[in-house]
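Look over the sequence and the model, then read on.

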Amino acid sequence: MSLRLYDTATRTVRDFVPLTAGEVGIYLCGATVQAPPHVGHVRSSVAFDVLVRWLRRTGHRVTLVRNVTDIDDKILAKAAAAGEPWWAWAMTNERAFTSAYDALGVLPPTYEPRATGHVPAMVELMTRLVERGHAYAAGEGDVYFDVRSFPDYGALTNQRVDDMVPAPDGAPDGVVKKDPRDFALWKAAKPGEPETAAWDTPYGRGRPGWHLECSAMARRYLGDGFDIHGGGLDLRFPHHENEQAQSHAAGYPFARYWLHNGWVTQGGTKMSKSLGNGLLVDVVLQQVRAVVVRYAMTTVQYRSMLEWTDDTLREAEAAWDRLAGFVERATERVGAVDAEEVAAAPVPQDFADAMDDDLNVPKAMAVVHEWLRQGNSALADDALDDVRATLVGLRAMLDVLGLDPGSPQWATRGGDERYAKALDALVAGQVEARAAARAARDFATADAIRDRLTAAGVVVEDSPTGARWSLRPEA
């Protein structure tokens, strides 16, 4: 079976055939850095991380572009309310997103362009649209896309122009659009906004509209046409519809496949700060191991809604502990397996078939758990050859999902601080017992305790203020 993906544009599952054999270009709409990320914000990056990992596992060279929208109305408003420069506010939140991605094991994109770094490319695209009769200046600094000039407007979301609501970026006072549905390519600088938040163009001073930036950056890094454009389901309209329209109107083929991930929901409602139900990632990670959050987000098929509850996390934690526990026990019996062997190991065919079926991760996880059952049986039977084969295969499958318990990211059971706390308590107890034995001049017991600690990789050093311990450095 070859990889098949659900294309939102055609509303069908299609065979995936890249423009260039063996190479895949993906543009993923990234963060608008107005605030720190909540769990719903990072689902898209986790979902597309699985796609990237699977494509690379199957021999493709993947170029992933994930943009950062670092200027818009909300960024300016929130920065002003906080008394911060808008660019500092944006950078602070961009770093918060990067920290969240890193904590959840999301591979870094090939390129991560910021909107503010690509204004010339946006002006070039806007000028081309004006010259081709698909955009117009409606005032000093205000430029709009003329939706009725482009017959295919609405094709991505299967809508008629007359049935659409007006564009949310309404015209300022004194500016008249040809049609209420025309959307902004460029927004004039407004009184009271920072001088640094505007750029000069042939149409007046202002800043880019949201949609223009993505078309310009996708073309800059992936070319006139590329393989996959992705993002959350909520971006289909108006953002992706407008991206496609302006790029096609400019004469560029743009994306060949459109993929959209489902939302994270609470009580059936999309997780959103505006609804007051956002769970900030840094807060969640103070309560739950990062790998458990990753497991919960990864093991639901990317197009499905993910209902976020305490049960979601409890079930994810229990499943992860079973997998990590087997890998730990198996490694103790058969020795460590290096990352190169895991990366090169073939995955079971039924796992591959599930992944090729529009990234059917739930079906793939059924294969993982069957291998887990077989691995536990092999351990119980002391069948060490089978244990090692299962360990390698299981880790290879989990590596595709970013959930390999043996990877450096999760090698300490997914960042579980309970293990460190338990170790500290146990070693401290042994050090105290040794000190008591020494005080009683029972040197045989004291030496035996020290020998046991040394054998476990714990170095004990005596000092005038008492004994202290540390872990022996790896050779």
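Among contacts in the chain between residues at least 6 apart in sequence, what percentage join residues at least 24 apart? The figure is 74%. Contact means heavy atoms within 4.5 Å.

This is a predicted model, in which local features need pLDDT of at least 70 and side-chain atom pairs count only at pLDDT 80 or more, while totals for chains, interfaces and linings use all residues. Residues are numbered from 1 along each chain as its sequence is written, and side-chain values use heavy atoms, with hydrogens and water left out.

**The chain**

The chain has 475 residues, and 49% of them count as buried. Buried means under 20% relative accessible area, with a 1.4 Å probe and protein chains only. Along the principal axes, the C-alpha atoms fill a box of roughly 95 × 55 × 40 Å. The chain holds 15 helices and 15 strands. These are DSSP runs numbered from the N terminus: helices are H or I with at least four residues, strands are E with at least two.

**Strands**

Strand S9 covers residues 225-232. Of its 8 residues, 7 are buried, so S9 is largely enclosed by the rest of the structure. S9 pairs with strand S3 and with strand S10. Two strands pair if DSSP finds at least two bridges between them. Tyr27 has His229 in S9 as its bridge partner. Gly230 stands opposite Leu259 in S10.

An open sheet of 3 strands runs in the order S12-S11-S13, with mixed pairing. Its edge strands are S12 (269-270) and S13 (306-307), each pairing on one side only. S11 and S12 run antiparallel. Gln266 has Thr269 in S12 as its bridge partner.

| Strands | Sense | Bridges |
|---|---|---|
| S3 (residues 23-28) and S9 | parallel | 3 bridges |
| S9 and S10 (residues 254-261) | parallel | 7 bridges |
| S11 (residues 264-266) and S12 | antiparallel | 2 bridges |

**Helix H5**

Buried residues of H5 include His211, Glu213, Met217 and Leu222. Just after H5, Gly223 takes a positive phi of about 95°.

**Helix contacts**

Two packed helices are described by the angle between their axes and the distance between the axes. Axes are lines fitted to C-alpha atoms, for helices over the stretch in contact, and angles run from 0 to 180 degrees between N-to-C directions.

The axes of H8 (residues 290-298) and H9 (residues 310-334) come within 8 Å and cross at roughly 105°. That makes H8 roughly perpendicular to H9. Angles of 65 to 115 degrees count as roughly perpendicular; under 35 is roughly parallel, over 145 roughly antiparallel, and the rest oblique. Val291, Val292, Tyr295 and Ala296 in H8 meet H9 residues, among them Leu313, Glu317 and Trp320. The contact of H8 with H9 divides into 9 nonpolar residues, 1 polar and 1 charged. Ala, Val, Leu, Ile, Met, Phe, Trp, Tyr, Cys and Pro count as nonpolar, Asp, Glu, Lys and Arg as charged, and the others, Gly among them, as polar.

The axes of H1 (residues 39-57) and H13 (residues 384-400) also come within 8 Å, crossing at roughly 130°. H1 is therefore oblique to H13. Val50, Arg53, Trp54 and Arg57 of H1 meet Ala396, Asp399 and Val400 of H13. This contact has 4 nonpolar residues, no polar and 3 charged.

Methods. Buried means under 20% relative accessible area, exposed over 50%, partly exposed in between (1.4 Å probe, protein chains only).
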